[in-house]
Amino acid sequence: MSFKQYPILFRPILKDRIWGGTKLKSILGKDIDSDEVGESWEISGISSDISIVANGEYEGLNLNELIDKYPVDILGESIIARFDRQFPLLFKFLDAKEDLSIQLHPNDTLAQRRHSSFGKTEMWYVMQADEGAKVVVDFKEGVQQEDYLEHLESKTLPSILKEIPVKKGDVFFIETGTVHAIGAGVLLAEIQQTSDITYRVYDWDRLDAQGNSRELHIDMALEAINYEEKTVELTYNKVVNTNNHVVECPFFSVNYIPLSGTYTKIKDTSRFYLYVCTEGKAEIIIGGETYFLNCGDTVLIPAAVSEIILKGEATILEIFVS
């Protein structure tokens with residue numbers, strides 16, 4: 001059977017979190033009953049949470065089944081050469097009604113040794129932020145391990161971390177080993193490696209509904225922390241109907257497309273793309289057929305697709321593995 005080329009949408013995998021809220025429903029239109037949904041996993045190859053196709057020819061297949069059936073058409077030869085048939089990215093939306101824990105993620109070497117997993121480099125794109133909202137990213141200048149341990153013991157860890165006010169459109173690049181926390185009032189899109197490994201080091205002394213504190217990973221985090229100062233907040237152009245470069249790293253690349261009218265993408269067929277609509281709505285035309293992309297939608301553009309036409313008034317994130 002020949003492969004059907006179209007933008008593939010997946011069923012969101014919704015995650016209740018102690019810090020979650022209602023913006024994924026009210027702003028992004030997710031079908032949610034709970035008032036504590038913190039994450040919507042839009043496309044995932046994590047073994048315990050495999051995304052299921054929600055539209056078109058392959059509706060009902062999970063991501064792994066789809067890749068097994070059409071590996072080159074879906075992933076592309078360059079991705080298969082590097083990752084075999086493992087989907088290398090995880091994309092999600094996060095709604096922080098309350099502050100997330102202060103945490104960090106291991107690099108590939110440590111994650112492979114400890115968890116047989118990829119590490120977790122990630123990027124945040126702020127979609128909406130309440131007045132006064134902020135994120136915590138990285139240590140203040142000069143902090144070393146002895147400072148970290150001293151403040152961790154005295155429960156004053158936030159005092160040696162950088163707090164950064166945020167607004168819609170801000171972008172943060174979170175390398176492995178970087179301490180970070182999303183603050184209350186922030187709705188964001190997150191692109192990351194396929195990994196669910198998080199080392200939580202401070203959780204504001206909060207308790208869940210049963211009166212229990214969440215597990216911390218103090219000892220495991222020690223080997224993973226990077227104390228070097230980094231560039232975490234990124235700037236980028238916003239030229240209309242252009243794929244403005246935002247970030248390129250060994251694990252993913254992201255472009256920002258402010259769509260007003262028509263944008264045409266001629267892509268190579270050696271890799272897949274993701275398109276994420278963060279505002280507005282658009283049409284996607286592939287092979288002469290028209291599909292719709294609404295705010296909060298994430299679609300997989302199979303590697304086999306060579307031309308994509310976008311039409312509408314929207315902001316789009318274009319994501320791929322270089």
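**Notebook: aromatic pairs, sheets and cores**

I counted the aromatic pairs and found 18 in the structure; rings of Phe, Tyr and Trp (its six-membered ring) pair if their centres lie within 6.5 Å, with planes under 30 degrees apart taken as stacked, over 60 as edge-to-face and the rest as tilted. I note that the model is predicted, that local features need pLDDT of at least 70, that side-chain atom pairs count only at pLDDT 80 or more, and that totals for chains, interfaces and linings use all residues. I number residues from 1 along each chain as its sequence is written, and side-chain values use heavy atoms, with hydrogens and water left out.

I examined F139 and Y227, a stacked pair with 5.2 Å centre to centre and 20° between the planes. F139 lies in strand β9 (residues 134-139) and Y227 in the loop between α7 (218-222) and β15, so the pair ties together parts that are 88 residues apart in sequence. Here helices (H or I, at least four residues) and strands (E, at least two) are DSSP runs, numbered from the N terminus. I found F139 buried at a relative accessible area of 2%, and Y227 also counts as buried, at 16%. Buried means under 20% relative accessible area, exposed over 50% and partly exposed in between (1.4 Å probe, protein chains only).

I recorded one aromatic cluster formed by F3, Y6, Y58, Y70 and Y291. I also looked up K15, whose charged end sits over the ring of W41, 4.5 Å from the ring centre; the criterion is NZ of Lys or CZ of Arg within 6 Å of the ring centre and within 35 degrees of the ring normal.

**Sheet and strand pairing**

I traced an open sheet of seven strands, in the order β2-β3-β6-β13-β8-β11-β15, with antiparallel pairing. β2 (13-21) and β15 (233-234) stand at the edges with a single partner strand each, so one side of each has no neighbour in the sheet. Two strands pair if DSSP finds at least two bridges between them. Within this sheet I checked β8 (residues 122-129) and β11 (residues 171-174), which run antiparallel and are joined by four bridges; W124 has F172 in β11 as its bridge partner.

I then followed β16 (residues 244-248) and β17 (residues 253-266), an antiparallel pair with four bridges. The two form a hairpin with four residues between them, and H245 is bridged to N255 in β17.

**Nonpolar cores**

I found 67 residues in the largest nonpolar core, where F87, M123, L274 and Y275 have the most contacts. Such a core is a set of buried Ala, Val, Leu, Ile, Met, Phe, Trp, Tyr and Cys residues joined through side-chain atoms within 4.5 Å. Strand β18 (residues 273-286) gives the most to this core, with eight residues. Apart from it lies another core, of 21 residues, including L104, V143, L157 and A181.

Beyond four places in sequence, A181 touches L100, S101, I102, W124, V135 and V136, where contact means heavy atoms within 4.5 Å. I also noted a C-alpha to C-alpha distance of 9.2 Å between A181 and K134, which are 47 residues apart in sequence.
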